[in-house]
Amino acid sequence: MKKALRAYAPASIGNVSLGFDVLGAALAPINGSRLGDEVDICAADAFSLTVKGPFAHKLPGDVDSNIVTKCYYYFCEQMELTGRAVSPVALTLHKNLPIGSGLGSSASSIVAAFAALNDYFDAPFSEDTLLHMMGELEGQISGSIHYDNVAPCYQGGMTLMTGAKEPVTLSLPLNPNWYYAICYSGISVSTAQARDILPKQVDMATALTFGRQLGVFVHALHTENFDLAASVMKDVIAEPYRKSLLPGFDDARAFSESEGALAFGISGSGPTVFAVCNSSEQAARIARYLNDNYIQNQDGFSHVCQIPKSGTVVSPLTEHSDA
Ligand SMILES: Nc1ncnc2c1ncn2[C@@H]1O[C@H](COP(=O)(O)OP(=O)(O)OP(=O)(O)O)[C@@H](O)[C@H]1O
Ligand SMILES: N[C@@H](CCO)C(=O)O
């Protein structure tokens, strides 16, 4: 009998303002708590999915619509294509991230599901192959394939998408002194809809700014010129259109800037926002303000985070693991 496992896949910031669809970062609260979905896997007579956790009730009731079920069938298909067999498993999704939050909620479920399946079946797929599988499933949900949540969620750190078959991502240097104040307002923003409101073409000036910022950012991180890196963390692609979906966005930015935040932006397609800070104290002040002023309902929350070097963690599921 194979061992039961649990995969934890962290929340992530898509775009990180300056890298629409091509830059992402994993998140870890500095208080040591977990912020991400978990998927448990164990042997069973037939496939099943059980959904638990604080945001389970916000998902469609039928498990066939759950992205984790789709991951399982897609994984089986890919195994079959490579001549391998899959025995039935029981999966449990702990839905800890709010849906449509901008924290890579569906990505977290997808990554946890594939990581659990891959480990359980003795790692048949490479990291790059798994990333392609994760991107494919993320694309089914959000309307277009983008890796800026699944990649950092799986691999950790801050990742830049290459557009190549392999490697799918490059890992960028991290500044250990940056802290991220993040705040989820409690409302849901559909990624597909937040993509639909964007213009399908960008003008020349915007394209030049986007390219210049990304080039400068990557160089500045590699040369540890972190002030320069922060100075180009500006979203010229999505924020001008998406901020109208986010009540209180301008005030949140104004406060963060008045507190000296290095940068401020929308996490993924929102409504979560993030402020990049030079100290944990500054981040805590901004997180407190956002908690009191940006949150719209009882589902909202804020955290002070850093970008963890590691992403998804798969560990044996023991009788002592939280139910
Ligand atoms: N396990 C799952 N986790 C999240 N969404 C799921 C899951 N299974 C099915 N869905 C559906 O997928 C859609 C996800 O929508 P969307 O991509 O806007 O959200 P998201 O991935 O949660 O957003 P974000 O990346 O901003 O956190 C919703 O319609 C939701 O009901
Ligand atoms: N890059 C994606 C991330 C979605 O979480 C977008 O901004 O649409």
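**Close-up views of a predicted model**

Gly24 stands opposite Thr159 in β8. The views below all come from a predicted model.

**View 1. Strands β3 and β8 pair side by side.**
Strand β3 covers residues 23-26, and strand β8 covers residues 158-161. The two pair in the antiparallel sense, over three bridges. Gly24 and Thr159 face each other across this pairing. Strands of a sheet pair through backbone hydrogen bonds, either parallel or antiparallel.

**View 2. Four strands make an open sheet.**
Read across the sheet, the order is β2-β3-β8-β9. The pairing is antiparallel. Which strands form the edges? They are β2 (12-14) and β9 (169-172), and each pairs on one side only. Neighbouring strands of this sheet are turned by 25° against each other on average, with direction ignored.

**View 3. Helix α2 is mostly covered.**
Of the 16 residues in α2, 15 are buried. How far apart are the end C-alpha atoms of α2? They are 23 Å apart. At 1.5 Å a residue, 16 residues should span 22 Å, so the two values agree. An α-helix has 3.6 residues a turn, so residues three or four places apart point the same way. Just after α2 comes Asp122, with a positive phi of about 65°.

**View 4. The largest nonpolar core holds 85 residues.**
Five residues touch the most other members: Leu27, Val111, Ala113, Phe114 and Ala181. Helix α2 (residues 105-120) gives this core its largest share, 10 residues. In soluble globular proteins, nonpolar side chains tend to be buried together.

**View 5. Strand β13 pairs with β4 and with β10.**
Strand β13 spans residues 301-306, and five of its six residues are buried. Strand β4 (residues 28-29) pairs with β13 over two bridges, in the antiparallel sense. Here Pro29 stands opposite Cys305. Strand β10 (residues 179-184) is joined to β13 by five bridges. These strands also run antiparallel. In this pairing, Ala181 stands opposite Val304.

**View 6. Strand β12 is covered on both faces.**
Strand β12 runs over residues 273-277, and five of its five residues are buried. In a regular strand the side chains alternate between the two faces of the sheet. Which residues of β12 lie on each side? Val273, Ala275 and Cys277 are on one side, and Phe274 and Val276 are on the other. Strand β10 pairs with β12 over five bridges, in the antiparallel sense. The bridge partner of Ala181 in β12 is Ala275. Ala181 also faces Val304 in β13.

**View 7. Strands β11 and β12 form a hairpin.**
Strand β11 (residues 263-266) is joined to β12 by four bridges. The two run antiparallel. Gly265 stands opposite Phe274 in β12. Six residues lie between the two strands. In the turn, Gly268 has a positive phi of about 55°.

Just after α6, Glu224 takes a positive phi of about 60°.

**View 8. Gln296 sits in a loop.**
The loop lies between α10 (280-293) and β13. Is Gln296 buried or partly exposed? Gln296 has 14 other C-beta atoms within 10 Å, so it is partly exposed; a buried residue would need 20 or more. Gln296 and Leu174 are 122 residues apart along the chain. Their C-alpha atoms are separated by 32 Å.

**View 9. Two stretches carry domain names in UniProt.**
An unreviewed UniProt entry lists residues 66-157 as "domain: GHMP kinase N-terminal". In the model, this stretch is 58% helix and 7% strand. Its end C-alpha atoms are 27 Å apart. The unreviewed entry also lists residues 219-295 as "domain: GHMP kinase C-terminal". This second stretch is 49% helix and 12% strand. Its end C-alpha atoms are 36 Å apart.

Definitions and conventions. Residues numbered from 1 in each chain as written. Chains lettered and ligands numbered in written order. Predicted model: local features only at pLDDT ≥ 70, side-chain atom pairs only at ≥ 80, totals over all residues. Pairing = 2+ DSSP bridges. Axes fitted to C-alpha atoms, helices over the stretch in contact; angles between N-to-C directions. UniProt positions renumbered as here; feature names shortened; annotations may be inferred. Core = buried A, V, L, I, M, F, W, Y, C linked by C-beta atoms within 7 Å. Buried ≥ 20, exposed ≤ 12 C-beta atoms within 10 Å, placed from the backbone. Expected span 1.5 Å × (residues − 1).
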